[in-house]
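Here are my notes on the model you sent over. Have it open while you go through the points.

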Amino acid sequence: MRIAAAVALIVFTLPAYATPFYVDGFVELSSAITSANSAPGSTIFLAPGTYSGGALPPITASMTLQLDPAFHAAAGSAVLNTVPTNSKGLLTVGAVSNVNLTVNGLTFKNAAISAGLGGNAAGIRYQGLGA
């Protein structure tokens with residue numbers, strides 16, 4: 001006698017939880033923003049230094065970006081010197097609602113776009129719904 005066994009595969013989708021991310025370069029920062037967009041409430045800790053290399057991803061979830069206190073560095077010693085995202089801001093909150101962005105201890109540098117693209121860039125640009 002053969003006994004047939006039925007195996008049920010149950011897939012659970014677990015909610016994303018706020019996560020701390022520690023970065024020390026542009027590629028890591030870009031990746032951390034993308035990951036934090038899937039884990040609202042996350043904090044990204046930036047080591048002192050200059051972060052440059054292109055445009056950062058739009059921010060679509062609440063998060064904090066701050067200088068990593070473990071380095072005991074002066075406020076402003078993590079410098080965002082990137083290309084404005086979508087010709088808007090170095091950090092751009094995308095077209096979503098209920099996003100809180102907190103930034104502590106960072107310096108924004110060269111937040112500019114050409115006059116041909118509107119000439120109106122910012123360090124932080126909110127493009128959220130209702131803006």
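1. Start with the inward side of α1. This is a predicted model, and in it F26, L29, S30, A32, I33, A36 and N37 of α1 are buried. They sit on the same side of the helix, because the arc they cover around the axis is only 160°. As a reminder, residues three or four places apart in an α-helix point the same way, since there are 3.6 residues a turn.

2. α1 runs over residues 26-37, 12 residues in all. From first C-alpha to last it reaches 17 Å, close to the 16 Å expected at 1.5 Å a residue.

3. What does the buried side of α1 pack against? The buried residues contact β1 (20-23), β2 (42-46), β3, β4 (63-67), β5 and β6 (89-93).

4. Now for two of those strands, β3 and β5. They belong to an open sheet of three strands, ordered β3-β5-β8 with parallel pairing. β3 (49-51) and β8 (106-108) are the edge strands, each pairing on one side only. From one strand to the next, the twist averages 25°.

5. On the pairing within that sheet: β3 and β5 (residues 78-80) run parallel and are joined by three bridges.

6. Last, β6. Five of its five residues are buried, so I'd call the strand mostly covered, with buried meaning under 20% relative accessible area. Four bridges join β6 to β9 (residues 122-126), and the two run parallel. Here T92 has R125 in β9 as its bridge partner.

Definitions and conventions. Residues numbered from 1 in each chain as written. Predicted model: local features only at pLDDT ≥ 70, side-chain atom pairs only at ≥ 80, totals over all residues. Heavy atoms only, no water. Pairing = 2+ DSSP bridges. Axes fitted to C-alpha atoms, helices over the stretch in contact; angles between N-to-C directions. Expected span 1.5 Å × (residues − 1). Buried < 20%, exposed > 50% of the residue type's maximum accessible area, 1.4 Å probe, protein only. Arc of directions from axis to C-beta. Contact = heavy atoms within 4.5 Å.
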